[in-house]
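Hi there,

Here is the structure I promised to pass on to you. Have a look at it first, and then read my notes below.

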Amino acid sequence: MITTQRSISGSSQSPRSPSSQPYLSVSVTDPVKLGNGVQAYISYRVITKTNLPEYQGPEKIVIRRYSDFVWLHDHLFEKYKGIFIPPLPEKSAVEKFRFSSEFIEMRCQALDTFVNRIASHHELQQSEDLRTFLQADEETMERLMSQETGIFKRKPADLMQIFKDVQSRVSDVVLGKEKPVEESNPEYEKLKHYIFELENHLAEAQKHAYRLVKRHRELGQSLSDFGKAVKLLGACEGNSLGKVFSDLGTKSETLSDKLQKEAHQLLMNFEEPLKDYVRSVQSIKATIAERANAFRRQCELAETIKLKEINLNRLILIRSDKVGEAEFEYNQLKAESEEATRMFEKIMRLMNEEIVRFQEQKTLDMGIAFHEFAKGQARLANGIATAWRSLLPKLEACSSS
Amino acid sequence: MEQQRSISGSSQSPRSPSSQPYLSVSVTDPVKLGNGVQAYISYRVITKTNLPEYQGPEKIVIRRYSDFVWLHDHLFEKYKGIFIPPLPEKSAVEKFRFSSEFIEMRCQALDTFVNRIASHHELQQSEDLRTFLQADEETMERLMSQETGIFKRKPADLMQIFKDVQSRVSDVVLGKEKPVEESNPEYEKLKHYIFELENHLAEAQKHAYRLVKRHRELGQSLSDFGKAVKLLGACEGNSLGKVFSDLGTKSETLSDKLQKEAHQLLMNFEEPLKDYVRSVQSIKATIAERANAFRRQCELAETIKLKEINLNRLILIRSDKVGEAEFEYNQLKAESEEATRMFEKIMRLMNEEIVRFQEQKTLDMGIAFHEFAKGQARLANGIATAWRSLLPKLEACSSS
C-alpha cells in the first residue's frame with residue numbers, strides 16, 4: 001500500500017490544522033487488481049480530506065479506475081484551455097496484462113501526483129469535475145461515463161488519434177505549414193522552440209536513465225551468479241583458500257542485493273520523475289495546439305466578418321429585403337468573433353502565468369531528482385567499496401602465504 | 001610487451017653473477033602477418049641465458065602459434081606424467097577479428113606457457129625446448145613439415161585426439177572399461193577432485209567473463225546518459241543547466257573508469273581463471289596417459305602369461321618352433337618390464353606434480369582474487385568520490 005501525499009504548492013495541509021484554514025488533501029492509494037484476463041483492471045482508493053464547503057467533508061473515500069482519471073483529465077483539458085493540465089501516466093495496454101508490482105507501484109504514484117497537482121492548482125482546484133471525481137459514488141461515475149457525448153465519448157485509441165492530430169497540427173503551425181494563421185510573436189516563437197527541444201532532450205535523458213536501471217539489475221544478477229559459482233569453488237577446495245572463496249562469494253551475493261535495491265530506487269526516484277516531465281512537456285504542447293486553434297478561429301471569424309460587413313452594406317444600398325436577415329447573421333458573427341478573441345486572449349494570459357509556474361516547478365523537481373540520483377549512486381558505490389575492502393586483509397594473507 | 005614471469009625456478013635478471021645458471025624467456029611483440037584466411041600472428045621469443053647448451057647470452061627468434069603447439073605436443077609425448085603447461089585456445093574464429101585484446105591475451109598466455117616450461121626442473125632440460133628457443137625460422141619450418149605419426153596433424157586432428165583422450169579418461173574414470181582400472185583409493189579421490197575442480201572453475205570463469213561484459217555495458221550506458229544530460233543542460237542555460245553539464249561530464253568520466261576496470265578484470269582475473277581451467281584439462285590429459293600406461297602394462301602382463309604357457313607347451317612337445325617362441329617371449333618380457341617402468345615413472349612424477357600444482361594454484365588463485373577485490377574496491381571508491389563531489393552543488397539546486 002502506498003500513501004503518498006505530494007505537497008507541491010498550494011493548500012495541501014494536515015487535517016489537524018485549525019478548521020478556519022481551508023485545506024484540500026487527496027491521496028491515491030491501495031491499488032487492487034480486479035477482473036480476469038483481458039477484462040482485468042486495477043482499482044485505486046481515492047481519499048479526500050477537506051474542510052471546503054463544496055465538499056462532503058471531512059473525509060470521503062471513493063474507488064476509481066484509470067478511465068475515471070482519463071475522464072477528469074479530458075474534461076479539464078476542454079474547460080480550462082490555456083492551463084497546462086497535469087499529465088496522466090500512459091495507458092499501456094500491454095504492460096497491464098503483466099501487471100508487475102513495479103508497474104502498479106509506478107502508476108499509482110503517477111496518478112497520485114496527477115490528482116494532487118490538480119488539487120493544488122489555484123484555478124483547477126475549483127473545478128466541478130474535480131469535485132465529481134473525488135466524491136461521486138461509483139454508480140454515478142459509471143452513468144456519467146456512459147453518457148459521454150461528442151469528443152468525450154471515445155475509446156482510448158480515439159483519444160490517441162485526436163492527440164496525434166493535435167500534435168501534428170502543432171507541428172504544422174510551428175513549422176509554418178499553415179502560413180496564414182500563425183501568430184507573429186517572437187517571444188512565443190522562442191517558447192515553442194524551447195518546449196520542442198526540451199521534450200527531445202528530456203526523452204533522450206529518460207531513455208538512458210531507464211537503461212541505467214537495467215544495467216544495474218544485470219550487473220547485480222551477474223554478481224549473484226558469480227558469487228554462487230565462487231562458493232562452489234570454495235567448497236571444492238576446503239582449505240584456507242576455500243574459506244576465502246566462500247567469503248568472497250557471500251560478499252558478491254550481498255552486493256547483488258544492494259544493486260537490485262539501488263536499481264529500484266533509481267527507477268522510482270529518478271527515471272520516473274524524468275518520465276513525468278516528458279509527459280508534462282507533452283501537456284504543454286497540447287496547450288500550444290489549443291492556443292493555435294483559438295488564434296486560427298479568431299482570424300477566420302475576423303475574415304468572415306469583413307465579408308459579411310461588405311455584403312450587408314451592399315444589401316442596405318440596394319434596399320434589399322434580405323437586410324434584416326443579413327444584419328442578424330452579422331450581429332451573431334460579431335458576438336462569436338468577440339467571444340473568440342476573448343478566448344484567445346484568455347489562453348494567452350493563462351499560458352504566460354503557467355509558463356512561470358512550470359519553470360519554477362521544473363527547476364525544483366529536476367534539482368531534487370538529480371540530487372537523488374547522485375546521492376543514490378554515491379551511497380551504492382560507498383557500500384560496494386566498503387564490502388570489498390573488508391575482504392582485502394584475508395585475501396592479502398592468502399596471496400602472500 | 002616484455003613480461004618476465006618469475007614463477008619458480010631459475011628465471012633471473014641477466015646481470016646476475018655469471019656463475020649462477022639462469023634461463024629467462026619472454027614472448028612479446030605480436031605482429032599480424034598475411035591477409036584474410038591466411039592471416040596469422042608472429043611473436044618475438046627472446047631467450048637470455050648463460051646455460052652452456054644454449055647459444056647465449058641472448059637469442060631472438062620469430063615464432064607463430066603452431067610452433068608453440070609443436071613444442072607442447074612433443075613435451076606431452078616425451079614427458080608422460082608431468083603436467084605440461086597448457087596453451088591458449090586455437091580459436092579460428094576470433095583470429096579473423098584479431099582484436100587487440102585477443103592478441104594481448106594470447107601473447108600473455110604464450111609467455112606464461114614458455115616460462116612455465118623454462119622453470120620446470122625436468123622440462124627445462126628438454127632438447128625440444130632448446131630447438132624451439134634457438135632454431136632459425138627455416139629449420140623450424142623444416143621440422144614442422146617432417147612431422148610423422150602422431151605429430152603430423154592439423155589442428156582439427158589435434159582436437160580430435162585430445163577429445164579421444166578426454167573420453168578415454170571419462171571411460172576409465174567412470175569404469176566403463178572395467179578390467180583395466182587402477183584400484184587406488186587415493187588416486188580415485190584425486191581424479192574426482194580434478195573433475196569437480198574443472199567444472200567449478202569453468203563456471204566461475206564463465207561468470208567472471210560475464211562480469212567483465214556487465215562492467216562494459218554499464219560504462220556504455222553511463223556514457224550515453226552523460227551525453228544526453230549535457231544536451232539537456234545546454235537547453236536549460238541557467239544554474240540548473242550548469243549542474244546538468246557537470247553531472248553529464250562526471251558520468252562520462254566514470255564511464256571511462258568502468259571500461260578501464262573491465263579491462264583489468266579481464267587481464268588480471270578472468271584470464272588467470274581461464275588459465276587454470278586449461279591447467280586442469282592438462283592434468284586430465286596426464287590422467288589419461290597414466291590410464292593408458294596402466295592398461296598397456298596389464299595387457300602385456302596378460303599376453304606374457306599366455307606366451308609362457310604356450311612356450312612351456314612347445315618345450316614339452318619338443319617343437320621346432322621353440323626358438324622362435326622363446327625369442328618372442330623374451331621380447332615381450334622386455335616390453336612388459338618397460339611398460340611397468342613407464343607406468344611407475346608416471347605414477348611417481350604425478351605425485352610430485354600434484355604437490356607442485358596445488359602450491360602454485362593456491363598462490364595464483366589467491367593473487368587473482370586479491371586483484372579482483374582490489375580492483376572492485378578501487379573502482380567503487382572512485383565512483384563514490386566522483387558523485388559525492390557533485391552533491392553540494394546539487395543540494396544547492398534542489399533547495400533554492
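Let me start with a crossing: helix 1 of chain A and helix 5 of chain A cross in a left-handed way. Left-handed means that the near helix is turned anticlockwise from the far one by less than a right angle, and right-handed means clockwise. Helices (H or I, at least four residues) are DSSP runs, as are strands (E, at least two), and they are numbered from the N terminus.

Before going further, please keep in mind that this is a predicted model, where local features need pLDDT of at least 70, side-chain atom pairs count only at pLDDT 80 or more, and totals for chains, interfaces and linings use all residues. Residues are numbered from 1 along each chain as its sequence is written, chains are lettered from A and ligands numbered from 1 in the order in which they are written, and side-chain values use heavy atoms, with hydrogens and water left out.

Back to that first pair. Helix 1 spans residues 66-79 of chain A and helix 5 spans residues 138-147 of chain A; they pack at about 60° with axes 11 Å apart. (Axes are lines fitted to C-alpha atoms, for helices over the stretch in contact, and angles run from 0 to 180 degrees between N-to-C directions.) The angle therefore makes helix 1 of chain A oblique to helix 5 of chain A. Angles under 35 degrees count as roughly parallel, over 145 as roughly antiparallel, 65 to 115 as roughly perpendicular and the rest as oblique.

Which residues of helix 1 of chain A meet helix 5 of chain A? They are A:Ser67, A:Asp68 and A:Trp71, and their partners are A:Met141, A:Leu144 and A:Met145. Contact here means heavy atoms within 4.5 Å.

A second pair is helix 3 (residues 101-120) and helix 8 (residues 240-317) of chain A, which pack at about 45° with axes 11 Å apart. Their crossing is right-handed. Among the residues making this contact are A:Glu102 and A:Arg117 of helix 3 and A:His264 and A:Asp276 of helix 8.

The UniProt record (an unreviewed entry) annotates a "coiled-coil region" at residues 323-353 of chain A; such annotations may be inferred rather than shown by experiment, and positions use the numbering here, with feature names shortened. In the model that span is 100% helix and 0% strand, and its end C-alpha atoms lie 45 Å apart.

How confident is the predictor? Chain A averages a pLDDT (confidence in each residue, from 0 to 100) of 86, but pLDDT stays under 50 over residues 1-14 of chain A.

Enjoy exploring!

Terms used
pLDDT is the predictor's confidence in each residue, from 0 to 100.
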